[in-house]
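Q: I would like to learn how to read the features of a protein model. Where do we start?

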Amino acid sequence: METKAPPATSRPPYGLLAVLMIGAFITFLNNTLLNIALPSIMNDLRIDPSTVQWLATGFMLVNGIFIPTTAFLIQKYSVRHLFLGAMGLFLLGTVLAGFAHAFPLLLTGRMIQASGSAVMMPVLMNVMLVSFPVEKRGAAMGVFGLVLMGAPAIGPTLSGWIVEHYDWRMLFHFVTPIAAVVLLLGFFLLKDRKEKSNLRLDGFSLALSSVGFGGLLYGFSSAGTRGWGHPLVYLTLIAGAVALTWFILRQSRLERPMLNFGIFKYPAFSLASAISMVLTMAMFSGMLLLPLYVQSVRGISPIDAGLMMLPGALVMALMSPVTGRLFDKFGGRALAIIGFLIMTVTTYMLSDLTMETTYNELMIIHTIRMFGMSMVMMPVSTNGLNQLPARFYPHGTAMNNTLQQVSGAIGTAFLVTVMSTRQEAYATDALGKLTEQPSVELQQQIGLQAMLGGINDAFFVATIISVAALALALFMKRAKQAEDPEEAKLSSKAE
C-alpha cells in the first residue's frame with residue numbers, strides 16, 4: 001500500500017479495510033480481556049500481585065518498543081505482509097498463552113501477542129488515511145473508532161463471564177480459532193503489492209527508541225506501585241529520558257529517520273497530540289479509579305463492576321460513527337469543546353463519591369462521561385492528522401499511538417500517587433484524633449474512608465486535567481492538508 005493518498009474519485013478498498021478491521025477488533029479485544037482474570041491466574045500459578053502485573057506491564061512495554069518502528073515498517077513493507085506478520089505473531093502468542101502451565105511461558109505468549117497487536121492499529125489507521133479524502137475522513141475514522149472502542153468495551157464483561165464459568169485459559173482458547181480464521185482471510189483476500197524498497201532500519205535508533213520509550217513506560221507504570229523514591233523507578237526514568245533525547249537528536253540528523261519528529265512543525269498535529277495526551281491522562285482516571293472505588297471500597301463483585309461500566313463503553317463505541325459524520329460537517333473544535341465540558345462536569349461529580357452513592361447513579365455518570373469522551377477522541381486525532389502531507393501519515397499514526405502509551409502510563413502513575421498520598425494523609429489524620437487503641441473493625445472503617453478520600457482527591461485532580469484539555473481545545477481550527485515540502489522542491493526544479 002503506497003503512502004500517497006488516492007484521488008478523491010477512487011473507490012476505497014473496502015475489502016481490505018474489512019479484513020484489517022476484523023483483525024484489529026480481535027487484537028484490541030485481547031487488550032482488556034485478561035484484566036478480570038488476573039486473580040484467577042495468581043491462584044492457579046501461585047504467584048503474587050507484583051509478578052502477575054507483568055502480564056500488563058510486559059504487554060505495554062512491547063507496545064512501546066514496537067509502535068515507534070511502525071512508521072518504518074509501513075514504508076518498507078506492503079499491508080498484506082504487515083497484516084499476515086502481525087496476525088501470525090498474535091496467533092502464536094495466543095496459542096502459547098492458552099497452553100501455559102507456568103508463568104514464564106504465559107508471559108512469553110502475552111509479549112508475542114503484544115508484538116502483533118502493536119503493528120495492527122498504526123497499519124489500519126494509515127490505510128484509512130490514504131484511502132479516504134479529507135472531507136470524508138471523519139466518517140471513516142468514526143467506523144474505525146467503533147472497532148477501537150467497541151472491542152475493549154465488551155472485554156471485561158466477556159472475561160468476567162468466561163472466568164466465572166471456565167478456566168482462565170479459555171480466554172485464549174476462545175480467541176485462537178477466530179484469530180486463525182482472520183489470518184486465513186487475510187492470506188486469501190489481501191492482494192496488495194508494494195514496490196521493492198531499499199529502506200534500512202537504523203539499528204542504533206531502534207535501540208535508543210526501545211530504551212527511551214520502554215524506560216519511560218516502565219518507570220511511570222512502576223511508580224504507582226513502588227513509589228517515586230524507589231531506585232528502579234527513577235533510574236529507569238532517567239535512562240529513558242536520556243535515551244529518548246538522544247533518539248530525537250539522532251532522528252533530526254538522519255536523511256530517512258525511523259520516526260520523523262519534523263511532523264511537530266505542523267501546528268494542528270502538535271495541538272492534537274497535546275490534547276490527546278491530556279485526554280488519555282484524564283481518561284485513565286475513570287478506567288482506574290472507578291473500579292477501585294466500586295470493588296475495594298464498596299465491595300461490589302468484579303462482574304457487577306464490569307457490567308456497571310459496560311453501558312458507558314458501548315455508548316462511546318456506538319457514538320464513534322456519529323461523531324465522525326459530525327466532524328465532517330462541523331469540524332473538530334465544536335465537538336471537542338462540548339465533549340470536554342461534559343467530561344469536566346462528570347469527572348467533578350465523581351470527585352464527591354460517598355459510601356451511599358448508588359450503583360445506578362455511578363452507571364449514569366460514567367455513561368454520560370463516556371458520551372463526552374466519544375466527542376473528543378477520534379475528532380481531535382483526525383483533525384491533527386489531516387494537516388500532514390500524505391508521506392508523513394505513517395509517522396503521524398506511529399507518533400500518536402506512542403504518545404498515547406506514554407501518557408497513559410504517566411496518567412496512571414500520577415493519579416495512583418495522588419490517591420495513595422492523600423489516602424495515607426487521611427488515615428494518619430483520623431488515627432491521630434483517637435484517644436485509645438482502635439479496634440480492628442474501626443481500623444478497617446478508617447482505611448476505607450481514607451481510600452475513599454484519596455479516590456475523590458484523585459478525581460478532582462483529573463477534573464483539573466480535563467479543564468486543561470478544554471482550554472487547549474479552544475485553539476483548534478479545521479485543518480487543511482499542508483503542502484509537502486519535498487514535492488514543492490521537485491515541482492520548482494521542474495519549472
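A: We start with accessibility: buried means under 20% relative accessible area, exposed over 50%, and partly exposed in between (1.4 Å probe, protein chains only). Arginine 46, with a relative accessible area of 77%, is therefore exposed. This is a predicted model, in which local features need pLDDT of at least 70 and side-chain atom pairs count only at pLDDT 80 or more, while totals for chains, interfaces and linings use all residues. Residues are numbered from 1 along each chain as its sequence is written, and side-chain values use heavy atoms, with hydrogens and water left out.

Q: Where does arginine 46 lie, and what is its phi?

A: Helices (H or I, at least four residues) and strands (E, at least two) are DSSP runs, numbered from the N terminus. Arginine 46 belongs to the loop between α2 (38–45) and α3 (49–52). Its phi is positive, about 55°, although arginine 46 is not a glycine.

Q: How many helices and strands does the chain have, and how is its overall extent read?

A: The chain has 19 helices and zero strands. For the extent, the radius of gyration is taken over C-alpha atoms, and the globule rule is 2.2 Å times the number of residues to the power 0.38. Here the radius of gyration is 23 Å, close to the 23 Å that the rule gives for 495 residues, so the chain is as compact as a globular protein of that length. Along the principal axes, the C-alpha atoms fill a box of roughly 90 × 50 × 40 Å. Of the 495 residues, 54% count as buried.

Q: What share of the contacts join residues at least 24 apart?

A: Contact means heavy atoms within 4.5 Å. Among contacts between residues at least 6 apart in sequence, 85% join residues at least 24 apart.

Q: How do I read a nonpolar core?

A: A nonpolar core is a set of buried Ala, Val, Leu, Ile, Met, Phe, Trp, Tyr and Cys residues joined through side-chain atoms within 4.5 Å. The largest one has 94 residues, and the members that touch the most others are Ile41, Leu55, Phe83, Leu106, Met128 and Phe144. Helix α7 (residues 103–131) gives the most to this core, with 13 residues. A second, separate core has 23 residues, including Ala272, Ala282, Val376 and Met377.

Q: Which residues is phenylalanine 83 in contact with, leaving aside its neighbours within four places in sequence?

A: With those neighbours set aside, phenylalanine 83 is in contact with Val19, Leu20, Gly23, Met120, Val182, Gly186 and Leu190.

Q: How is the span of a helix checked?

A: The expected span is 1.5 Å times one less than the number of residues. Helix α11 (residues 231–253) has 23 residues and should span 33 Å; its end C-alpha atoms are 33 Å apart, which agrees. The buried residues of α11 are Val233, Thr236, Leu237, Gly240, Ala243, Leu244, Phe247 and Gln251.

Q: How many salt bridges does a search of the whole structure find?

A: A salt bridge is a side-chain nitrogen of Lys or Arg within 4 Å of a carboxyl oxygen of Asp or Glu. The search finds four. One of them pairs arginine 422 with aspartate 457 (2.9 Å, N to O). Arginine 422 lies in helix α17 (residues 393–432) and aspartate 457 in helix α18 (residues 440–473), so this pair ties together parts that are 35 residues apart in sequence. Another joins lysine 433 and aspartate 429 at 3.5 Å, N to O. Lysine 433 is exposed at 63% relative accessible area, and aspartate 429 is partly exposed at 43%. Shared partners also link Asp44, Asp167 and Arg169 into one network.

Q: Where is aspartate 167 found, and which backbone nitrogen does its side chain reach?

A: A polar contact is a pair of N or O atoms within 3.5 Å; within protein, one must be able to donate a hydrogen and the other to accept it, and residues adjacent in sequence count only if both atoms are side-chain atoms. Aspartate 167 is in the loop between α8 (137–165) and α9 (170–189). Its side chain reaches the backbone nitrogen of arginine 169 at 3.0 Å, and the side chains of these two residues also meet in a salt bridge (3.1 Å, N to O). Arginine 169 counts as buried at 10% relative accessibility, whereas aspartate 167 counts as partly exposed at 40%.

Q: Is serine 407 buried or exposed, and what does its side chain reach?

A: Serine 407 is buried, with a relative accessible area of 1%, and is placed in helix α17. Its side chain reaches the backbone oxygen of leucine 403 at 2.8 Å. A polar atom of the serine 407 side chain also lies 3.2 Å from the backbone oxygen of glutamine 404.
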